[in-house]
Amino acid sequence: MLLAAGGGRRLGGRPKALLDFRGRPLIENAARVLREGGCGPVHIVLGAAADTVRARAELFEYAVTENPDWAEGMGSSLRAGLASLAGTGAGAVLVSLVDQPGIGSAAVARLVAAYEAGADLAAAVYEGRRGHPVLFGAARWAAVAASAAGDRGARDYLAAHADALTLVECGDVAEPYDIDTPADLPRLGTAGRGSGR
């Protein structure tokens, strides 16, 4: 699942999904990374400027959900995304963020491998620091959704279940920086080893 609903408040109201990344909207790279890392089907949660994102980005290969409450923060988008998975028969969901172009398919594949090895709660770590992507087994979705609020997403749930969390080191294949402010925009042109293509 790709969370791509934010309005880019600290970017002057430019939705991150539409930031230019190698000539295409950033959302296309983030969705492709999930698919190439072994996830499927890929669900995308849109929010801010959803109609414009749909018009400009090629998303026809993906299941797209709109979060009308996107302004409430990442927690509402996580809840909307989990709701979109109801009845799909998926055994787990891997959650990624649109604004992290330094995280590529190699990191995604490591989380998928952890799930295939039996983990039902896993997170990428970078030199010991937890980050994205994060994986939740289906049996955990209801509790994750219930705890998701504001911009904290699943942070509280992960903290409360730290003893069950499988940590997957990804620092050698990905860089977990965010594109949050205008000062971060140059990184879109220099995305390193973790980026998609």
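I began with the lining of the largest cavity, which divides into 6 nonpolar, 3 polar and no charged residues. My classes were Ala, Val, Leu, Ile, Met, Phe, Trp, Tyr, Cys and Pro as nonpolar, Asp, Glu, Lys and Arg as charged, and the others, Gly among them, as polar. I worked from a predicted model, where local features need pLDDT of at least 70 and side-chain atom pairs count only at pLDDT 80 or more, while totals for chains, interfaces and linings use all residues. Residues are numbered from 1 along each chain as its sequence is written, and side-chain values use heavy atoms, with hydrogens and water left out.

I found 1 cavity of 30 Å³ or more, and about 50 Å³ of space lies in the largest cavity. (On a 1 Å grid over the protein atoms alone, a cavity is a set of points where a 1.4 Å probe fits but cannot get out; a pocket is an open set with protein on both sides within 12 Å along at least five of seven lines; lining residues have an atom within 4 Å of a point.) Among the residues that line the largest cavity I noted Asn 29, Ser 96 and Ile 103. Helix H1 (26–36) gives the most to this lining, with 3 residues. (Helices, H or I of at least four residues, and strands, E of at least two, are DSSP runs numbered from the N terminus.)

Next I took the largest pocket, with a volume of about 1100 Å³. Of its 37 lining residues, the closest to the centre are Met 74, Leu 97, Asp 99, Asp 151 and Asp 178. I counted 17 nonpolar, 9 polar and 11 charged residues in this lining, and S8 gives the most, with 6.

The second largest pocket has a volume of about 330 Å³. Cys 39, Gly 40, Ala 92, Val 93 and Leu 94 are the closest to its centre. Its lining holds 12 nonpolar, 5 polar and 1 charged.

**Rings.** How many aromatic pairs does the structure hold? I found 1 (ring centres within 6.5 Å; planes under 30 degrees apart are stacked, over 60 edge-to-face, the rest tilted). The rings of Phe 136 and Tyr 157 have centres 6.3 Å apart and planes at 75°, so the pair is edge-to-face. Phe 136 lies in strand S8 (residues 129–137) and Tyr 157 in helix H6 (residues 155–160), so the pair ties together parts 21 residues apart in sequence.

Note on methods:
Rings of Phe, Tyr and Trp (its six-membered ring) pair if their centres lie within 6.5 Å; planes under 30 degrees apart count as stacked, over 60 as edge-to-face and the rest as tilted. Grid points are joined across faces, edges and corners, and a volume is the space filled by probe spheres set on the points.
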